[in-house]
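Let us walk through this structure step by step. Keep the sequence at hand as you read.

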Amino acid sequence: MTRPGRSTTPIEVVETARRGGRRAAAGAILVGALLLAGCSSGDVPSGGSVTGTGTSATSAPAEAVAARSGGFTLVPAEGWVDATDRAGEVAGLDLVVLSSVQVAKFNDNLVITSAKGGATDLDAEISRGRTQLEGQGRTISDAPDLQVAGETATGFSSAFEEAGIPVVARSYGVSHGGRIYLLTLSSSPGEADHAMAELTAMLAGWLWT
């Protein structure tokens, strides 16, 4: 169901990832290089929810989607869809899910990348991400730890503007099975609490494979 103040709109993937070597690819996306935003043409991806004036249509419950790495699956929140194939060619990109409902000209989205590595590599990526964002003048703050299928994910929050649209991003990293996974949840500021609740629900259905 669409909440007050929310409107369903078409979407497109906007890729602003910096191109670089494989070593830097994960960190580049961690700092919010990939954003999914609304546009003026196209269709809501299959599997989303659509609500219009006087009518409504809701999809069947979402099914688990698998990461490209084969390392995990998760179940998208209601109204969220797998948009990985729409994100272009980005090294390390594992999974992208986003809401088919737009708030303040922005679609909530979760971008997950992965690479081989352990806890030391993860700490370095998180530190590098914070430093890069601070260097860009973004507002950085600590974020509480999250649990991802028995593993603790650590990270931080950042606030910035993308094409004039205010965005809040929560970036987390978690290590499992010889790989590091970098998760970035992006939303409009007013949608931040709801987006975080959606992320918590999706992480509850995260399964290592």
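Begin at a turn. Strand 13 and strand 14 make a hairpin, and two residues lie between them. One of the turn residues, Gly 177, has a positive phi of about 60°. The model you are looking at is predicted.

Within it, Ala 115 stands opposite Ile 180 of strand 14.

Is strand 14 mostly covered or mostly open? Strand 14 spans residues 179-187, and eight of its nine residues are buried, so it is mostly covered. Ser 187 belongs to this strand. Its relative accessible area is 0%, so Ser 187 counts as buried. What does Ser 187 touch, leaving aside its neighbours within four places in sequence? Its contacts are Phe 106, Asp 108, Pro 166, Val 167, Val 168, Arg 170, Ala 192 and Ala 195.

Strand 11 and strand 12 form a hairpin with two residues between them. Ala 149 sits in the turn and has a positive phi of about 50°. Strand 11 (139-148) pairs with strand 12 (residues 151-162) in the antiparallel sense, over eight bridges. Thr 139 has Ala 159 in strand 12 as its bridge partner. There is also a charge over a ring to look for. The charged end of Arg 138 sits over the ring of Phe 160, 3.8 Å from the ring centre.

Three strands form an open sheet in the order 6-7-15, with antiparallel pairing. Strand 6 (65-66) and strand 15 stand at the edges. Each has a single partner strand, so one side of each is left without a neighbour in the sheet. Two bridges join strand 7 (residues 72-74) to strand 15. Thr 73 has Leu 207 in strand 15 as its bridge partner.

Next come the aromatic rings. The count of aromatic pairs is five. In one of them, the rings of Phe 72 and Tyr 181 have centres 5.6 Å apart and planes at 85°, so the pair is edge-to-face. This pair links distant parts of the chain. Phe 72 is in strand 7, Tyr 181 is in strand 14, and 109 residues separate them. Both Phe 72 and Tyr 181 are buried.

Tyr 181 also pairs with Trp 206. This pair is edge-to-face, with 6.4 Å from centre to centre and 90° between the planes. Trp 206 lies in the loop between helix 3 (192-204) and strand 15, 25 residues from Tyr 181. Trp 206 is buried, as is Tyr 181. Which residues make up the cluster linked by ring pairs? They are Phe 72, Tyr 181, Trp 206 and Trp 208.

The largest nonpolar core has 26 residues. Phe 72, Leu 74, Leu 110, Ile 112, Leu 183 and Trp 206 touch the most other members. Strand 7, strand 9 (93-103), strand 10, strand 11, strand 13, strand 14 and helix 3 each give two or more residues to this core. Helix 3 supplies the largest share, five residues.

Leaving aside its neighbours within four places in sequence, Leu 74 is in contact with Glu 63, Ala 64, Val 65, Leu 95, Leu 110, Ile 112, Met 202, Gly 205 and Trp 206. There is also a second, separate core of eight residues. Its members include Val 81, Ala 87, Leu 98 and Val 111.

How far can the model be read? The chain averages a pLDDT of 75, and 71% of the residues score at least 70. Confidence is highest in strand 15 (residues 207-208), at 98, and lowest in strand 4 (residues 50-52), at a mean of 26. Over residues 4-59 the pLDDT is below 50. Beyond near neighbours in sequence, this stretch has 131 contacts in the model. Where pLDDT is low, the predicted coordinates should not be read in detail.

Notes. Residues numbered from 1 in each chain as written. Predicted model: local features only at pLDDT ≥ 70, side-chain atom pairs only at ≥ 80, totals over all residues. Heavy atoms only, no water. pLDDT = per-residue confidence, 0-100. Helix = DSSP H or I, 4+ residues; strand = E, 2+ residues; numbered from the N terminus. Contact = heavy atoms within 4.5 Å. Pairing = 2+ DSSP bridges. Buried < 20%, exposed > 50% of the residue type's maximum accessible area, 1.4 Å probe, protein only. Phe/Tyr/Trp six-rings, centres within 6.5 Å; stacked < 30°, edge-to-face > 60°. Lys NZ or Arg CZ within 6 Å of the ring centre and 35° of its normal. Core = buried A, V, L, I, M, F, W, Y, C linked by side-chain atoms within 4.5 Å.
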